[in-house]
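This report covers helix packing and sheet arrangement, beginning with a pair of helices.

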Amino acid sequence: MPYALTWLPRVLQDAGLKVAEQPGWQTRGHGDVGPIKGVICHHTAGPLKGNMPSLKVITEGRLGLSGPLAQLGLGRDGTFYIVAAGRAYHAGPGCWQGITTGNSSFIGIEAENTGLTSGASADPWPEIQIDAYERGVAAILKKIKANAIMCCGHKEYALPLGRKVDPTFDMKPFRTAVAAIMAGTAPAPRIIPVADAANRPTLRRGTTGAYVTQVQNKLALAANDTYDGATEAAVREFQRKKNLVPDGIVGPRTWASLEAA
């Protein structure tokens, strides 16, 4: 029997967000949730490469803690992965706005990020991912008729304070952005153009054709005409080296950097 949060995909899609429903999500959970009061934001502390490499762990759990570990995963490209419609083990002991029943009362979002801000595995948050994070949280809070204060970071909820550090970004401006989206005063999301000035199309996972081969050749990959996971990972790495947003999408700025490489 499906659990209560079967409304999640529609609410996110209606907000213009990318959604990927995972097999079995409607009946996945540690029992059902109670009345949802808010959202707890997390980062995965997962690998540096890949769009959502922590998805299996979020879904199935890890040693000592069975999955699901969140209802939603958020990939580096802004895609929301729907993992569970029931209760997830994401909160642990804590309190936010007087609510201590985190797993039953809050939806957990695990956003893919190493959680490191310096060193070889430092992982700057892509603009496209943060924008999706803000818009996804805003959509959920509007659905449950809560305001932006009912979004917190795990580091804010968890007790004793200091027990958790996720997510690495500052939650106060994040909530300000969420409130602006909910109020309809936020800027419209920036849309990547469908082509650049040279009429080269924007490429993302699933694209096929000769332009994909050009990118694969530039990145010294085996050319197969398909923008697959290996191509996306290589594009992200190239973007990081060029100080571009590492969203894995070949738009005008990435085309220009590839041309100059």
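The axes of helices α4 and α6 come within 9 Å and cross at roughly 60°. Axes here are lines fitted to C-alpha atoms, for helices over the stretch in contact, with angles running from 0 to 180 degrees between N-to-C directions. The two helices are therefore oblique to each other; angles under 35 degrees count as roughly parallel, over 145 as roughly antiparallel, 65 to 115 as roughly perpendicular and the rest as oblique. The crossing of α4 past α6 is right-handed, a crossing being right-handed if the near helix is turned clockwise from the far one by less than a right angle and left-handed if anticlockwise.

From α4, Tyr133, Glu134, Arg135, Val137, Ala138, Leu141 and Lys142 meet Phe174, Ala177, Val178, Ile181 and Met182 of α6. Contact means heavy atoms within 4.5 Å. By class, this contact has nine nonpolar, no polar and three charged residues. Ala, Val, Leu, Ile, Met, Phe, Trp, Tyr, Cys and Pro count as nonpolar, Asp, Glu, Lys and Arg as charged, and the others, Gly among them, as polar.

The model is predicted: local features need pLDDT of at least 70 and side-chain atom pairs pLDDT 80 or more, while totals for chains, interfaces and linings use all residues. Residues are numbered from 1 along each chain as its sequence is written, and side-chain values use heavy atoms, with hydrogens and water left out.

Tyr211, Gln214, Val215 and Lys218 of α7 and Trp255, Leu258 and Glu259 of α9 make the contact. These residues divide into four nonpolar, one polar and two charged. Here α7 passes α9 in a left-handed crossing.

| Helix pair | Axis distance | Angle |
|---|---|---|
| α4 and α6 | within 9 Å | roughly 60° |

Helices (H or I, at least four residues) and strands (E, at least two) are DSSP runs numbered from the N terminus, and two strands pair if DSSP finds at least two bridges between them. Strands β5 (residues 72-74) and β7 (residues 106-111) pair in the parallel sense over three bridges, with Leu72 opposite Ile109 in β7.
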